[in-house]
Amino acid sequence: MIESPAIGTLHTTRLLNSGMPVNSTEPHHPTAALEIKAGSITLPILKLFSADFEALNVQLEQKLRQAPEFFRNAPIIVDLSELVPDREPLDFSAFVDSLRNRGLSPVGVRGGSQIQQQAAQSAKLAVLAEIKPDNAHQAPAAQGASFKPASPAKGFGPTKLIDHPVRSGQRIYAAGGDLIVLAQVSPGAEIMADGNIHIYGSLKGRALAGVQGNLEARVFCSDLQAELIAIGGHYKISENLDEAVRGKPVQVYLRDNLLIIDYL
Amino acid sequence: MARIIVVTSGKGGVGKTTTSAAISMGLALQGHRTAVVDFDIGLRNLDLIMGCERRVVYDFVNVINQEATLNQALIRDKRNENLHILPASQTRDKDALTKEGVERVLNELSETFDYIVCDSPAGIERGAHLAMYFADDAVVVTNPEVSSVRDSDRMLGLLASKSRRAELGQDPIKEYLLLTRYSPQRVKLGEMLSVEDVQEILALHLLGVIPESKAVLNASNSGTPVILDEKSDAGQAYMDVIRRYLGEHVPHRFIEQERKGLFGRLFGS
């Protein structure tokens, strides 16, 4: 039986080299020709359930026809973790060619056997580390034939409400939405949300808003004593907090990739 | 049905076993049939503090492994017939405890006792987890010092999420804060967290404050629960704790530095 290839989203961290084609009239770094930075990009994942080349091609064609604009020159990750390695040898280079012929740019593979990964490497694809399904930072992969556009979560999910203290060692994650905590967040506790975070008690632990990359997310708290505060991966640790805002009611947001802390 | 009380802390050396001994003896003194169970398998201390170490024949692990009956392993206290002790095994480790075994022993104890006091080992591993898993009430023993407070906070998180009550969606475990080894003088000098400081961090109902006291060490060495030392400040403080736990309104003592009278000042108490 052949299942259709599913497409999900992968939130992955890649190294980018920015500053290569610098505008010569306004050089950002007159001495440095390049810079290596960590960044994160959301990519579509092509999950294979079968190594049947014919079936893959037919179903791939159907999928691409649903959203041709989206897939034009789209970078894509091939997920091999559902394939049975011994029984189904996949002609990897042929499959990569067929993806490229359809206008996709496969950039890497995930999962699969060692032989499959070697085949991927010889096809000049990167082998990405497998992400464990219990990882709270991972976007839920779309199942079956459903398809989700690769945009960061914008807080469409339900708001999560916590009315008891969040103790040291506890971890709370509001997937797809906002998080409201009506009590204190102790040192060593960690609260995360895809959307905004509101804390109507002391924030003494860590608060991470927009963990799926939503840079519009904000953190609001009535008493800032956080160990760490982050929005979309941009963070500040306790040591770097301005003493003037410590213990005060504040909001935290991003402006030009800078974490701004303002009084409420 | 017995009420199961766990005495826990996360951190070691804060006075869990002293508290377990005092609370179980205190409940027995108030006329309640009480069993105290040592969950610190491998490092058994409760029998020493209770002064029954020379009467241990069978232990908790023997009962779990069905090598002995509960009645064979329970030691009746010589000072109060309401109180029974189930000692820990010295020769085994905490892996000898199983959830099913602990549940069976606690169920059997429930049939004859009003209160079961579980003396938790330090840490957050198997022994500590099983000690608190079946609890109805938790006494979180904390010293007025930052690392102990932090560990207590961690333990409170586990009580709220990893207990049977949490897993079955029942009412949560009732949590009480017991501050031990408290010294008002050192708080005044800024060397120790105050009751208010600890309350602010843990946000918990305060069951009592036990002052730092020589009586505790003397009691441990002589195998007498300190609550029996009615003249001592620690003994009185534990008796207050029992009365508060049983619903009486008892004002807190030993929080303020005692004012010495002229006599005390001249002769240094």
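This report describes strands, loops and surface patches in chains A and B of a predicted model.

## The open sheet of chain B

In chain B, eight strands make up an open sheet of mixed pairing, and their order across the sheet is β3-β4-β2-β5-β1-β6-β7-β8. The edges of this sheet are formed by β3 and by β8 (205-211) of chain B, each of which pairs on one side only.

Within that order, strand β2 (residues 34-38) of chain B runs parallel to strand β5 (residues 115-119) of chain B, and the two are paired over five bridges. In this pairing Val37(B) has Cys118(B) of β5(B) standing opposite. Cys118(B) in β5(B) also stands opposite Val6(B), and the strands concerned, β1(B) and β5(B), run parallel and are joined by five bridges.

Strand β1 of chain B spans residues 3-8 and is mostly covered, with five of its six residues buried. Val6(B) finds its bridge partner in β6(B) at Ala138(B), while in β5(B) the residue opposite Val6(B) is Cys118(B). In general terms, strands of a sheet pair through backbone hydrogen bonds, in either the parallel or the antiparallel sense.

## Two loops of chain B

Which residue in the loop between α10 (195-202) and β8 of chain B is considered here? The residue is Leu204(B), and Leu204(B) counts as buried because its relative accessible area is 9%, where the cut-off for burial is under 20%. Although 64 residues separate Leu204(B) from Val140(B) in sequence, their C-alpha atoms are 9.5 Å apart in space.

The loop between β3 (75-76) and β4 (83-86) of chain B holds Lys78(B). Lys78(B) has a relative accessible area of 72% and is therefore exposed, the cut-off for that class being over 50%. On the surface, Lys78(B) takes part in a patch of positive charge, where it gathers with Arg33(B), Arg54(B), Arg55(B) and Arg76(B).

## Strand β10 of chain A

Strand β10 of chain A, which covers residues 197-203, is mostly covered, since six of its seven residues are buried. Three bridges join β10(A) to strand β8 (residues 179-181) of chain A, and these strands run parallel; in this pairing Val181(A) stands opposite Ile199(A). Strand β12 (residues 219-224) of chain A likewise pairs with β10(A) in the parallel sense, over five bridges, and here Ile199(A) has Cys221(A) of β12(A) opposite.

Strand β10 of chain A also contains Tyr200(A). Together with Leu161(A) and Leu182(A), Tyr200(A) makes a nonpolar surface patch of about 330 Å².

## A loop residue of chain A

Is Glu239(A) buried or exposed? Glu239(A) is exposed, because its relative accessible area of 72% lies in the range of over 50% that defines this class. Glu239(A) belongs to the loop between β14 (234-237) and β15 (250-255) of chain A. A distance of 9.7 Å separates the C-alpha atom of Glu239(A) from that of Ala226(A), and these two residues are 13 residues apart along the chain.

How values were computed
Residues are numbered from 1 along each chain as its sequence is written. Chains are lettered from A and ligands numbered from 1 in the order in which they are written. This is a predicted model: local features need pLDDT of at least 70, side-chain atom pairs count only at pLDDT 80 or more; totals for chains, interfaces and linings use all residues. Side-chain values use heavy atoms; hydrogens and water are left out. Patches are made of residues with over 30% relative accessible area and no salt bridge: like charges are joined within 9 Å, nonpolar side chains (Val, Leu, Ile, Met, Phe, Trp, Tyr) within 5 Å. Accessible areas come from the Shrake-Rupley method with a 1.4 Å probe; for residues, only the protein chains shown count as cover. A salt bridge is a side-chain nitrogen of Lys or Arg within 4 Å of a carboxyl oxygen of Asp or Glu. Lys and Arg count as positive and Asp and Glu as negative; His and the chain ends are not counted. The place of a charge is taken as NZ of Lys, CZ of Arg, CG of Asp or CD of Glu. Helices (H or I, at least four residues) and strands (E, at least two) are DSSP runs, numbered from the N terminus. Buried means under 20% relative accessible area, exposed over 50%, partly exposed in between (1.4 Å probe, protein chains only). Two strands pair if DSSP finds at least two bridges between them.
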